[in-house]
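Thanks for coming. I have one model to go through today, and I will keep to a few places in it. Please have the structure open while I talk.

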Amino acid sequence: MRSRPGGLLIAALALLTAAPARAFCRTTTCQPGDAAAPCSTDSNGCLVGGEPLFWAGACVSYSVQRDGSPLRGISAKDAELAVGAGFSSWMGAACAGGAGPSIGVVSRGLVSCDRQEYSSNHGNANVWMFRDDDWPYDDTGATLALTTVTYNRRTGEIYDADVEVNSHDNEITLGDGRIAFDFLSIATHEAGHFLGLSHNPRDPDATMTPGYFQGTVALRTLESDDVAGICASYPPGRSAGRCDDTPRHGYSTVCAGDDEVEGCTACASAPGRAGQRPWPLAFAAATALGAALRRRRRAPR
């Protein structure tokens, strides 16, 4: 999901000191600038209003685009394992009583579809994909990854989530050797958005902090705010449907035809935070919400 690039020196200093956990933020159906679904900001800096986003079933699936990232030497299978590890961090959170979140995540394998889309009359997949050839957004170089979530505006139920990784402008690395922009850190952060969490503006140590420092692996592991957020989103004992990992309207490894994909019919204004792009409205019952993880630069010493 998108973040703000300002205040880099302050953010850098904050990340170098211990900070107590303060809050978590959930993504909701509120739309800044839309009187029909107004937003406000609470004392923790979270946008609130409307319904919080969530997956309704007991499990959800993801797929990785089969090309992987030839530019960065990351195979699709290795990316699939890393994305699975990112989700595992969230699934392993200890909620009240020691139980885990009431949702599971399953890999559906590799798919050929290489674009962000949601179809209301065609099979779908929740796709993770690399952008080696270009980054098709205006914030070239500043954004590491973008998650787009399609959801029901009335209930907050998530219908689809797609993740794009900006491997064109950033040296994405995998493993524990020489680390540039750590894919496992990125995957763990974006998995939080995939599950309905928003950026945490108060705790710079949280996995859901808006920015990432090159060469670090801190976002791989959850902090107390992150655990509180996933447990509030999917509390143990939640009444959920059975574990059916089939995406909405069925599963497809290929992209839908252009005439079958819900597109932008209007664009709402983004929240009043620098660097956040407008949210494309998918259709009357659902919206697509874009959110991105930004790269941070350390302040000169």
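Before the first item, a word on terms: a helix axis here is a line fitted to C-alpha atoms over the stretch in contact, and the angle between two axes runs from 0 to 180 degrees between N-to-C directions. What you see is a predicted model.

With that, take helices H2 and H3. H2 covers residues 76-91 and H3 covers residues 183-194; their axes come within 8 Å and cross at roughly 55°. Angles of 65 to 115 degrees would count as roughly perpendicular and those under 35 as roughly parallel, so H2 is oblique to H3. The crossing of H2 past H3 is right-handed. On the H2 side, the contact is made by Ala79, Ala82, Val83, Ala85, Gly86, Phe87, Ser89 and Trp90. H3 supplies Phe183, Leu184, Ala187, Thr188, Ala191, Gly192 and Phe194. Sorted by class, that contact has 11 nonpolar residues, four polar ones and no charged ones.

Which residues of H4 are buried? They are Asp225, Asp226, Gly229, Ile230, Cys231 and Ser233. H2 is included in what covers the buried residues of H4.

Stepping back to the whole chain for a moment. The protein chain has four helices and 13 strands. It has 301 residues, of which 50% count as buried. If you take contacts between residues at least 6 apart in sequence, 75% of them join residues at least 24 apart.

Ser69 sits in the loop between strand S3, residues 59-65, and H2. Is Ser69 buried or exposed? Its relative accessibility is 0%, so Ser69 counts as buried. The Ser69 side chain makes a polar contact with the side chain of Asp132, at 2.8 Å. Apart from neighbours within four places in sequence, Ser69 is in contact with Ile74, Phe130, Asp132 and Ser167.

Next, Arg131. This residue is in the loop between strand S5, residues 127-130, and strand S6, residues 143-152. Arg131 counts as buried because its relative accessibility is 14%, and the cut-off for buried is under 20%. Beyond its neighbours within four places, Arg131 is in contact with Asp114, Arg115, Gln116, Pro136, Glu164, Val165, Asn166, Ser167 and His168.

Val165, one of those contacts, lies in strand S7, residues 158-165. Val165 has 2% relative accessibility and therefore counts as buried. From Val165 to Ala145 is 20 residues in sequence and 4.3 Å in space, C-alpha to C-alpha. With neighbours within four places left aside, the contacts of Val165 are Met129, Phe130, Arg131, Trp135, Leu144, Ala145, Ile172 and Phe183. Phe183 was also named in the contact of H2 with H3.

On to Tyr212, in strand S10, residues 211-213. At 1% relative accessibility, Tyr212 counts as buried. What lies around the polar atoms of the Tyr212 side chain? The backbone nitrogen of Asp182 is 3.0 Å from a polar atom of that side chain, and the backbone oxygen of Thr216 is 2.7 Å from a polar atom of that side chain. Tyr212 and Thr143 are 69 residues apart along the chain, and their C-alpha atoms are separated by 9.9 Å.

Most residues other than glycine have a negative phi. His249 is not a glycine, yet its phi is positive, about 70°. His249 has 41% relative accessibility and so counts as partly exposed.

That is the list. I can go back to any of these places if someone wants to look again.

Terms used
Residues numbered from 1 in each chain as written. Predicted model: local features only at pLDDT ≥ 70, side-chain atom pairs only at ≥ 80, totals over all residues. Heavy atoms only, no water. Helix = DSSP H or I, 4+ residues; strand = E, 2+ residues; numbered from the N terminus. Parallel < 35°, antiparallel > 145°, perpendicular 65-115°, else oblique. Left-handed = near helix turned anticlockwise from the far one by under 90°. Contact = heavy atoms within 4.5 Å. Nonpolar A, V, L, I, M, F, W, Y, C, P; charged D, E, K, R; others polar. Buried < 20%, exposed > 50% of the residue type's maximum accessible area, 1.4 Å probe, protein only. Polar contact = N/O pair within 3.5 Å; in protein donor to acceptor, adjacent residues only side chain to side chain.
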